[in-house]
Amino acid sequence: MRGLTRAGKRASEMALNAGGGAINWFPGHMAAASRAIRDRLKLADLVIEVRDSRIPLSSANEDLQPVLSAKKRILALNKKDLANPNIMNMWLDHFQSCKQDCISINAHSSNSINQLLGLVELKLREAILKEPTLLVMVVGVPNVGKSALINAIHRIAISRFPVNDKIKRATVGPLPGVTQDIAGYKISSQPSIYVLDTPGVLVPSIPDMETGLKLALTGAVKDSVVGEERIAKYLLSLLNIRKTPLHWERLLHRREGFDEEPGNRFVKGSRDSLRRRNRLNNSDAVYVQDLVMEVQRTLCSTTMEFTGNLDEDNELESLIDAQLVALRKVFRIPHKPLDDSHGPVSKKLLTLFRSGKLGPFILDDLPEIAM
Ligand SMILES: Nc1nc2c(ncn2[C@@H]2O[C@H](COP(=O)(O)OP(=O)(O)OP(=O)(O)O)[C@@H](O)[C@H]2O)c(=O)[nH]1
């Protein structure tokens, strides 16, 4: 069941108004890989289905679900560092109530991977005693972190088991579609356990706009398929409908120890502190932190100053346009006369969201049966 709430649905309709129709990305290599994955799945003793923690349902490959649910399967909700931890716990309860083994992980944390390996061993407990060779397949849509996970498993496994074979690394990349072959990595001897990395595959036809936009926002669909501006507008619609910029106000005040005197403009005081801190410390980390605060502050002040009715789609659209214009200054994007495209600003906003700098989010909603 897809979590279609009014906020997500309305935001996706807004993005539809921003231009573009159905979202689909199914190049030739994905079609071939889907067939190969189905073939190899027959041989797999265990499947680790990797999904993105921010979209635990939307990042499922629906076409493969009937095959996957018939296998021994662990759902690994990766990138948990980018997801809201309290809501994540509710998702784990949800999958547990559906009798589905599920674990939230961060592929860059060895602690997480050790927990996952513990679960793998538990699931393969009986097979390990009987079979000389076992096959674990890692599957998932593009960019959910399959290769990063496999590299981490490999690193840990070779420190635990005597594997003499040459160590190979899976290729990890920030853009979707990096892995195009099925590659095997031996992680144990006696029994020999092989882990298969597979290319990320989507369904030939993404069922609805909301799912497509969530996949694009989290990086599973190539930006050029949807357009960065459309994805950024979807993100801003979601943030505004959820009133997230207004929640940031308190956070920003707390972070800055802002002295709120009557008549003191929130934006002005904060800019001064940004310049002060830039003078004190020019390191990249402080620059990014300040930039994030400036983005949050700008989204917050544009929302507070906006006098329109956010329940009206066209008024919400004009707020989003105003926000994109205001963010140009924050990102220091020079204004070109006669060019009102929001491409460069959209790109930068998406980078901040995708790296988790704007905060942890879960975009899917829990199915009602779990509430
Ligand atoms: N924040 C965060 N980033 C992660 C995590 N796991 C992977 N990534 C990043 O996500 C991006 C995609 O990772 P990959 O391992 O290449 O993803 P993939 O699923 O193999 O991608 P395809 O080859 O397209 O199928 C890379 O930039 C990784 O560094 C995680 O747990 N947290």
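**Exercise 1. List the buried residues of helix H10 and describe how far the helix reaches.**

Step 1. The buried residues of H10 are Arg230, Ile231, Ala232, Lys233, Tyr234, Leu235, Leu236, Ser237, Leu238, Leu239 and Asn240, where buried means under 20% relative accessible area, exposed means over 50%, and partly exposed lies in between (1.4 Å probe, protein chains only). The model is a predicted one, in which local features need pLDDT of at least 70 and side-chain atom pairs count only at pLDDT 80 or more, while totals for chains, interfaces and linings use all residues. Residues are numbered from 1 along each chain as its sequence is written, and side-chain values use heavy atoms, with hydrogens and water left out.

Step 2. With 11 of its 14 residues buried, H10 is mostly covered; helices (H or I, at least four residues) and strands (E, at least two) are DSSP runs, numbered from the N terminus.

Step 3. H10 spans residues 228-241 and reaches 20 Å from its first C-alpha to its last, close to the 20 Å expected at 1.5 Å a residue, the expected span being 1.5 Å times one less than the number of residues. Just after the helix, Lys243 takes a positive phi of about 60 degrees.

**Exercise 2. Work out which strands pair with E6, and why E6 is largely enclosed.**

Step 1. Two strands pair if DSSP finds at least two bridges between them. Strand E4 (residues 133-139) runs parallel to E6 and is joined to it by 6 bridges, with Val138 standing opposite Asp197.

Step 2. Strand E5 (residues 183-188) pairs with E6 in the antiparallel sense over 5 bridges, and Lys186 has Tyr194 as its bridge partner in E6. These two strands form a hairpin with 3 residues between them, and Gln190 in the turn has a positive phi of about 50 degrees.

Step 3. In E6 (residues 192-197), 5 of the 6 residues are buried, so the strand is largely enclosed by the rest of the structure.

**Exercise 3. Find which residues have the most contacts inside the largest nonpolar core.**

Step 1. A nonpolar core is a set of buried Ala, Val, Leu, Ile, Met, Phe, Trp, Tyr and Cys residues joined through side-chain atoms within 4.5 Å. The largest has 90 residues, and Ile48 and Leu149 have the most contacts inside it.

Step 2. Leaving aside residues up to four places away in sequence, Leu149 touches Ile48, Val50, Ile105, Ala107, Ile113, Leu116 and Val138, contact meaning heavy atoms within 4.5 Å.

Step 3. A second, separate core of 11 residues includes Leu57, Phe95, Cys102 and Ile362.
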